[in-house]
Amino acid sequence: MATTHKTRMLIIGSGPAGLTAAIYGARAGMEPIVVQGLQPGGQLTITTDVENYPGFRDVIQGPWLMQEMEAQAQHVGTRMMWDTITDIDLAGPPFRAVGDSGDIYEADTLVIATGAQAKWLGVPGEQLLSGKGVSACATCDGFFYRGKKVVVIGGGNTAVEEALYLTNHAEHVTLIHRRDSLRAERILQQRLHAHPKISVLWNKAVAAFAGDPMAGGLKAVELVDTVTGEGSRVETDGAFVAIGHAPATSLFAGKLALDESGYIVVEPGTPKTAIPGVFACGDVMDHTYRQAVTAAGTGCMAALDAERFVAELDFATGQLTQA
């Protein structure tokens, strides 16, 4: 039998943004429900070493960090639901969501924290060596390649920005692009070509990542020339796939404003969407920073704004009752 769950605050997504919103919401007495989705804990559950999250002098593990966040959220009064939202009605409040389980969730305020997934190439060795030399986040993992040689795969703004960032750590950066020109903004291209630590391989597609995850990780990138079909190999210590991210917003298409890349549009500097009482936080609305700490920050903002919205809703309801 399907069950209807009612709450003052419904949070969809259980990464750093969603769990931070839950912690603040629970402390405000809103008894939030977190629907965890297909990947409970978000992308940090598939991240090994985390060295840039404040408060930990030593390297910590991504899955452990998310376990601690979830435990803290539950400790202050959050209900965690193992379910995936398949349909949503934003004509509230109350807002109404339907889970894959058949359960119904009704809430006075809604926080969307469904995140975004890095796009991968889908070639042999990519997932096997993920976290063992293959990464999709230079800001997260660039520090581990101090004085080493790395490659970046891609040709847009993300790839060029990652390559430029990595010059702060790596001895040399090779940008690999499947075409003969970049899609990145002109100013970024100028900076890239002017940098002495960056070289570009044109018309090259990655065919495979070579290495052993149990014996040193990534060793080389196997390439194929997109014009001649000729194969080649680049020895490298690290490879960064930078072909973009895909926000998890298909559920909200046609119901909320999305930008050209599919991210939820919010009021600048806030987590507020165009619908009062509906807030978006974390990577689902942030295509610039995409860090655990910034996601947690916007989760805090969403909870605080949600608390104010519920207080105003209660006041308006009380005024109507008195009238």
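This report describes the overall build of one predicted protein model and then some of its local features.

The model is predicted, and for that reason local features need a pLDDT of at least 70 and side-chain atom pairs count only at pLDDT 80 or more, whereas totals for chains, interfaces and linings use all residues. Residues are numbered from 1 along each chain as its sequence is written, and side-chain values use heavy atoms, with hydrogens and water left out.

## The chain as a whole

The protein chain contains six helices and 19 strands, where helices (H or I, at least four residues) and strands (E, at least two) are DSSP runs numbered from the N terminus. Its radius of gyration is 22 Å, close to the 20 Å that the globule rule gives for 323 residues, so the chain is as compact as a globular protein of that length; here the radius is taken over C-alpha atoms, and the rule is 2.2 Å times the number of residues to the power 0.38. Taken along the principal axes, the C-alpha atoms of the protein chain fill a box of roughly 75 × 40 × 35 Å.

Of the 323 residues, 49% count as buried, a term that stands for under 20% relative accessible area, while exposed stands for over 50% and partly exposed for what lies in between (1.4 Å probe, protein chains only). A contact means heavy atoms within 4.5 Å, and among the contacts in the protein chain with a separation of 6 or more, 60% are made by residues 24 or more positions apart.

Strands of a sheet pair through backbone hydrogen bonds, either parallel or antiparallel. In this model, three strands form an open sheet in the order 14-15-16, and the pairing is antiparallel; two strands pair if DSSP finds at least two bridges between them. Strand 14 (204-212) and strand 16 (231-235) stand at the edges with a single partner strand each, so one side of each is left without a neighbour in the sheet. On average, and with direction ignored, neighbouring strands of this sheet are turned by 25 degrees against each other, the axes being lines fitted to C-alpha atoms (for helices over the stretch in contact) and the angles running from 0 to 180 degrees between N-to-C directions. Strand 15 (residues 217-225) pairs with strand 16 in the antiparallel sense over five bridges, and Val 224 stands opposite Gly 231 in strand 16.

## Cysteines

A disulfide is a covalent bond between the sulfur atoms of two cysteines. By the rule used here, a disulfide is a pair of cysteine sulfur atoms within 2.5 Å, and the structure holds one. This disulfide joins Cys 137 to Cys 140, with an S to S distance of 2.2 Å, and with 70 degrees about the S-S bond the link is right-handed. Cys 137 counts as buried at 16% relative accessibility, whereas Cys 140, at 27%, is partly exposed. Cys 281 is in no disulfide, and the nearest cysteine sulfur to its own, that of Cys 300, is 10 Å away. Cys 281 is buried at 0% relative accessibility, and Cys 300 is buried with a relative accessible area of 16%.

## Aromatic pairs

Rings of Phe, Tyr and Trp (its six-membered ring) pair if their centres lie within 6.5 Å, and planes under 30 degrees apart count as stacked, over 60 as edge-to-face and the rest as tilted. The count comes to three aromatic pairs, including the two in this table.

| Pair | Centre distance | Plane angle and class |
|---|---|---|
| Phe 56 and Trp 64 | 5.7 Å | 85 degrees, edge-to-face |
| Phe 143 and Phe 144 | 6.2 Å | 80 degrees, edge-to-face |

Phe 56 is partly exposed at 32% relative accessibility, and Trp 64 is partly exposed at 36%. Phe 143 is partly exposed with a relative accessible area of 39%, and Phe 144 is partly exposed at 28%.

## Two buried loop residues

His 169 lies in the loop between helix 4 (157-166) and strand 12 (172-176), and at 12% relative accessibility this residue counts as buried. Leaving aside neighbours within four places in sequence, His 169 is in contact with residues that include Phe 143, Tyr 145 and Arg 146.

Pro 271 lies in the loop between strand 18 (245-247) and strand 19 (278-280), and it is buried, with a relative accessible area of 2%. With neighbours within four places in sequence again left aside, the contacts of Pro 271 include Val 266, Phe 279, Met 301 and Asp 305. The C-alpha atoms of Pro 271 and Arg 27, which are 244 residues apart along the chain, are separated by 19 Å.
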